[in-house]
Amino acid sequence: MQRAIDSVDEILPAPRLVTLGLQHVLVMYAGAVAVPLIIGRALKLPPEDVAFLISADLFACGLATLVQCIGFPGVGIRLPVMMGVTFAAVGPMLAMATSPDIGLLGIYGSVIAAGVFGIVIAPFISRLLPLFPPVVTGTIIMIIGITLMRVGINWAGGGLPTLTRVVDGVPGSFPNPNYGQLPGLGIALFVLLVILALIKWGKGFLANIAVLLGIIAGAILASALGVMHFEKVVSAPWVGLVLPFHFGLPQFHIVPIATMCVVMIVVMIESLGMFLALGEMTGRKVDQKALARGLRADGVGTLLGGIFNTFPYTSFSQNVGLVGVTGVRSRWVTAAGGVILLLLGLLPKMSALVEAVPVVVLGGAGLVMFGMVAATGARILTAVNFKGNRFNLFIVALSVGFGMIPLVAPNFFKALPHALHPLLESGILLTAIVSVALNAFFNGIGTTEKAEHDAADVAATAEHV
């Protein structure tokens, strides 16, 4: 345990500032690079473009963190917060990625629109908080984890079970010969065992970065077995700029924009809880104006993400937890972490190295990362009153049922208008809509004071989603 830094505004000596900032970066790094890897590979982008997505993500992480920590007039919570891409947007973005009419540029258009939407609605978000009690947020977070587990399982198996190839001008699906092979499964199992060992026997900071260390160990094993290749790493430049609209001008489509705006509301509700919990940890009063500044920074971060070729941003709760573990409350520590992320984003060789990590290595880590998201949702639900309020059982049951439709029956909504598919093919958004509606129907809408108290309690126990 390090000496507590009592003041949120205290500026530490440079060596300690960099060390503690790097600690925050290491804790969030595996989660930060997961989303660009998922989306880039879903879009079947070439390795150099996936590496660029990673660079862009790290660069925008740094920008969003600095906006949130340092603050500008009307923007930024000015607390020790690290910003990163939210997993809540992955499901909808995967649906958009597979639609030929939307693709990557359509995703960026929806992200930019959602960022502007977040900036506008920031002052009003706390009024929506009563719509998201623990029975709703726990269910949504659990479905996020379940949805992402499909990605982690396929990573561990060696990619997608089937590959699409064009034969005589006709696209068709063929079995992936590398899927489910014993060497790949063995590497994924090795990564999983390393992570579990570090979680059980590692102490303090080592346990906090168990996933990152597991990926590093798996990459070393994959290199020794000749599975990991470094040609792209060698050819990548050491320094490169992240320029706006690298892939072209964004495209704007109504349904993807509406879908991403719903995601933005969920993300901002999550952030609101994190800010309230962080206020209690640091002893800094977080009033309505401060909440509005923090939520507006979420919108600004997401807007910057769309401009700089990346995705929606939120506060990472594992870093909020690190504040509680270390007792270091200075926002300048996380600001230093933001600068480190900016610098990492300018190192294409580092991003190429991350992209070169075989999917089976990421699979062993993905099972832990995404499974923990689902387990966090289940843990939140343990605080829900099921015995005294039987309606809560129906809320969870039906919401999970709707959320599972895109996973178990992909063609369930095929007869509905094609423009609605990005919304209907996201189990996360279906769960959010159904759980909010059912909770309002069965339980009504509570008070803002109770909702803020519940949100702070949830944030104190939650992992990042």
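## An enclosed helix

Helix α3 (residues 90-97) is largely enclosed by the rest of the structure, because 8 of its 8 residues are buried, that is, under 20% relative accessible area, with over 50% counted as exposed and values in between as partly exposed (1.4 Å probe, protein chains only). The buried residues of α3 are Val90, Gly91, Pro92, Met93, Leu94, Ala95, Met96 and Ala97. Helices are DSSP runs of H or I with at least four residues, strands are runs of E with at least two, and both are numbered from the N terminus.

Ser110 belongs to helix α4 (residues 103-121) and is buried at 1% relative accessibility. Apart from neighbours within four places in sequence, Ser110 is in contact with Met96, Gln251, Pro256, Ile257 and Met260, where contact means heavy atoms within 4.5 Å.

## Basis of the model

The model is predicted: local features need pLDDT of at least 70, side-chain atom pairs count only at pLDDT 80 or more, and totals for chains, interfaces and linings use all residues. Residues are numbered from 1 along each chain as its sequence is written, and side-chain values use heavy atoms, leaving out hydrogens and water.

## Nonpolar cores

A nonpolar core is a set of buried Ala, Val, Leu, Ile, Met, Phe, Trp, Tyr and Cys residues joined through side-chain atoms within 4.5 Å. The largest one holds 119 residues, of which Ile39, Phe87 and Phe311 touch the most other members. A second, separate core of 9 residues includes Phe59, Val242, Ala335 and Leu342.

## Crossing of α1 and α15

The axes of helix α1 (residues 14-42) and helix α15 (residues 348-356) come within 11 Å and cross at roughly 70 degrees. These two helices, α1 and α15, are therefore roughly perpendicular to each other. Tyr29, Val33, Leu37 and Arg41 of α1 make the contact with Met350, Val354 and Glu355 of α15.

## Cysteines

With a disulfide taken as a pair of cysteine sulfur atoms within 2.5 Å, the count comes to 0 disulfides. The cysteine sulfur closest to that of Cys61 is in Cys69, 12 Å away and too far for a bond. Cys61 is buried at 0% relative accessibility, and Cys261 is buried with a relative accessible area of 12%.

## Positive phi angles

Most residues other than glycine have a negative phi. Arg78, however, has a positive phi near 60 degrees; Arg78 is placed in the loop between α2 (47-70) and β1 (83-85) and is partly exposed at 22% relative accessibility.

Phe245 also has a positive phi, of about 55 degrees. Phe245 lies in the loop between α10 (231-235) and α11 (254-282) and is partly exposed at 33% relative accessibility.

Conventions:
Axes fitted to C-alpha atoms, helices over the stretch in contact; angles between N-to-C directions. Parallel < 35°, antiparallel > 145°, perpendicular 65-115°, else oblique.
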